[in-house]
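Hi,

Here is the structure I promised to pass on. Have a look, and my notes on it follow below.

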Amino acid sequence: MNEPEKDVLERIVEIVGSVAANDATFISVATVLGGVLRRVLSAEKTVEMAAISLGQRDQLRHMRNQTSEMIETLGQVLPERISLEKVDAEEESSWWFALSEATHVLDESIAQLSVLVSKQTKGSAVRDLTAQIIRLMREHYNVYLGEAANWIDG
């Protein structure tokens, strides 16, 4: 894991650990974030399964593990009745279609969460958490764009 990724994941763990267990606003936003991340995780699993090389599969597995780790961390602050259950992948035999879908899901998710973060109080744990998740999602998005460029360039 490179340093920026490590810093983001460590910061997310730190933020979640610092929030009171009864902070309704934080729990509400964490629930939304969990839903968005489950959708991202499903797309990332699908593209990982469709990878055309072992190197791609290893890189994509690492990214999927980061997303899983974010979901698990959010699960620590959610009441038991709110589940961040396991996420299944869709079977997609086309690398290009799986890659395109994952890129689209990340792009859409980043846009949604950017609106959410802009509505939060500056300096709040909710805003910081959302910003950190967006940061890591952008890193994943950039990797997928790079893979798409490589695919197109042949």
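**What I found**

The chain has an accessible surface of about 8200 Å², and 50% of that belongs to carbon and sulfur atoms (areas by the Shrake-Rupley method with a 1.4 Å probe; for residues, only the protein chains shown count as cover). Before going on: this is a predicted model, where local features need pLDDT of at least 70, side-chain atom pairs count only at pLDDT 80 or more, and totals for chains, interfaces and linings use all residues. Residues are numbered from 1 along each chain as its sequence is written, and side-chain values use heavy atoms, with hydrogens and water left out.

On the fold, the chain has five helices and zero strands (DSSP runs numbered from the N terminus: H or I of at least four residues for helices, E of at least two for strands). The radius of gyration is 16 Å, close to the 15 Å that the globule rule gives for 154 residues, so the chain is as compact as a globular protein of that length (taken over C-alpha atoms; the rule is 2.2 Å times the number of residues to the power 0.38). Its C-alpha trace spans about 50 × 30 × 25 Å along the principal axes.

Of the 154 residues, 44% count as buried (under 20% relative accessible area, with a 1.4 Å probe and protein chains only).

T103 is buried, with a relative accessible area of 13%. Leaving out residues up to four places away in sequence, T103 touches Y141, Y144 and L145 (contact means heavy atoms within 4.5 Å).

Cheers

Terms used
Buried means under 20% relative accessible area, exposed over 50%, partly exposed in between (1.4 Å probe, protein chains only).
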